[in-house]
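Please walk through this model from its overall make-up down to single side chains. Keep the structure in view while reading.

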Amino acid sequence: MDKYSLLLVDDEEEVIQVIMKKINWEEIGFTVTGYANNGAKAWELVEEIHPDVVMTDIRMPFMDGMELAGRIRNEYPATKILFFTGFDEFEYARGAVHLEVEEYILKPVNSVELTNVFTKLKGKLDQEISEKRNAEILQKYYMESLPLLRANFYTSLIEGSIREEEVPGYLSDYQLSFPGPFFCCLVIHTSSHQVPDGMNPLLLATSVHKQAEERLAGKWQAKCFSYLGNTIMIPQLRTENEVSELTDDCDRFCKYAKSIIGAVVTAGIGPVCDTLLAVSQSYLGAREAVSYRVLYGAARAINIQEVVPGEMIHTSLTNDVEVSNLFKMIRLGSEEEVIQAADQYIKHTSFPNKSLQRHHVDMMELVSAFYRFALNNDIVLEEFKEDIRKLYSGLFDLDPLSFRSWLVDCSLALREKLIHVRNRSTRSFVSRAEEYVHLHYMDEDLSLDHVCKELGVSNSYFSSVFKKETGSSFIRYLTDYRMERASDQLIGSDEKSYIIARKVGYTDPNYFSYVFKRKYGMSPSKYRKEYTEGEN
């Protein structure tokens, strides 16, 4: 097993050196990955190296051990903390039970005692890791996660993002049964505009979801989940004709919801299908059925096969899965995967019985989909700069090989431009962060949290992107920029150091001097003096 990392913190350098030399750290399973002589520097190291264990003194400049421990406990709860301190601070430290400190060690440090403490601590760390890997515990975690995993599977199913060969694995892993042999999709939409007085729309939709599970899911062996604010169900039918009975049950449910809980509910029923993968097409039909409430009224069930001729349903849904997969590969796949997805689209849409009119409709739908994708991603394709009518007419006349060449070229061009847009977006993202620092570096409260909130991103994502683009952590970049501004003011003005410290975001002039010296190797006053003497 790898060694556990240890950070030592004490304002007395000799104490740290003695501790490092007294103990054979490698032998007892630890590696000293860093040390600091004050709490502020220690916190910077904690953020940078994420040590497994921090052993800290209590009384230190800039940030004492208690504050340091509190920050570590809040941000890195897995990190173990040990206090080593003088007798007069011992009871005070023990009183801070909320910090969950592992051990309190009195100075002067005894090597035998210290070895014993860390030997026990290693055993505890080993046990924690072992427990996390324990098969029974993992199984428990897995079972607790099953509802979410299943919901994600159902969502992927209706989005059409699951391949046929993946289905058996998902059903086995998630302990799911879909005996069928027929399926369809229900979209149960609860109006957020027609709500009883004093009722929260979200609570009303939640109530409808629960009632739908109780009144419909059991009889129809339906999988139930939430998606885009609606309740979605995947019922299983013994025959195709059972969809009529299902529609009646849904209609009764809508009336029940209106009379009992005051919810205006529309249930859309999609076309019946005989494979799970076709549920994505049924979902599109169910969603379209819900939209027909403007014609047929809400608080009822609408079966798409009853309100729209069957031919229209299937032709409007034919290529959705293949187009979605093509765009998925353009976003995430390699060049080879994009070409394979394009070939799959052509294979699916090229069949002997297709009429010329159907071919023209397919071409127009494909071009429209490409145009929307490019527009949504701020991409301008050369093909779309000219008259769209010319593009359509040109595609209509292409033979199969020429059409494939056009589709592959267009898809690969989109992929390359999307990569460029992402890179440009990342650079812009970092530039915005740098600009924010340049405008607010004098604010003592400026932190990683502030910048992330301003940009609307998570700390972890921001930190990884920022370091990748600049080669520096955000904290280090901020500190370096503040020091650069401080050096400019030291050289260009006669203001006192403590005033300059405040101007670059430091309320504690001593800590400002400490950071400045760490950056330039000398105190602010000496830096100013040497520069002035150099000019003379």
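**Overall make-up and confidence**

The chain has 24 helices and 12 strands. Helices (H or I, at least four residues) and strands (E, at least two) are DSSP runs, numbered from the N terminus. This is a predicted model: local features need pLDDT of at least 70, side-chain atom pairs count only at pLDDT 80 or more, and totals for chains, interfaces and linings use all residues. Residues are numbered from 1 along each chain as its sequence is written, and side-chain values use heavy atoms, with hydrogens and water left out.

Start with confidence. pLDDT is the predictor's confidence in each residue, from 0 to 100. Its mean over the chain is 82, and 85% of the residues reach 70 or more. Strand β7 (residues 186–190) has the highest confidence, at a mean of 95, whereas helix α13 (residues 310–317) has the lowest, at 40. Over residues 309–318 the pLDDT is below 50, and this stretch has 10 contacts in the model beyond near neighbours in sequence. A contact here means heavy atoms within 4.5 Å. Where pLDDT is low, the predicted coordinates should not be read in detail.

Now the chain as a whole. Of its 536 residues, 43% are buried. Buried means under 20% relative accessible area, exposed means over 50%, and partly exposed lies in between (1.4 Å probe, protein chains only). Take the contacts between residues at least 6 apart in sequence: 68% of them join residues at least 24 apart.

Strand β1 (residues 4–9) runs parallel to strand β2 (residues 30–36), and six bridges join them. The chain crosses from β1 to β2 through helix α1 (residues 13–22), in a right-handed β-α-β crossover. Right-handed means that, with the strands pointing away from the viewer, the path from the first strand over the helix to the second runs clockwise. Two strands pair if DSSP finds at least two bridges between them. In this pair, Ser5 stands opposite Thr31 in β2.

Next, the charged side chains. Side chains of opposite charge can pair when their charged atoms come close. A salt bridge is a side-chain nitrogen of Lys or Arg within 4 Å of a carboxyl oxygen of Asp or Glu. By this rule there are 19 salt bridges.

One of them joins Glu67 and Arg71, at 3.4 Å from N to O. Both residues lie in helix α3 (residues 65–75), four residues apart, about one turn of the helix. Glu67 is partly exposed because its relative accessibility is 38%. Arg71, at 33%, is partly exposed too.

Asp251 and Lys255 share that spacing of four residues, about one turn, in helix α9 (residues 242–261). Their salt bridge spans 2.7 Å, N to O. Lys255 is partly exposed, at 47%.

Glu165 and Arg163 meet in a salt bridge of 3.1 Å, N to O. Glu165 counts as exposed because its relative accessibility is 57%. Arg163 is partly exposed, at 45%. Elsewhere, salt bridges link Lys219, Glu245, Asp249 and Arg252 in a network.

Finish with Ser487, in helix α21 (residues 474–492). Is Ser487 buried or exposed? It is buried, because its relative accessibility is 5%. Leaving aside residues up to four places away in sequence, Ser487 touches Phe516, Tyr520 and Tyr527.
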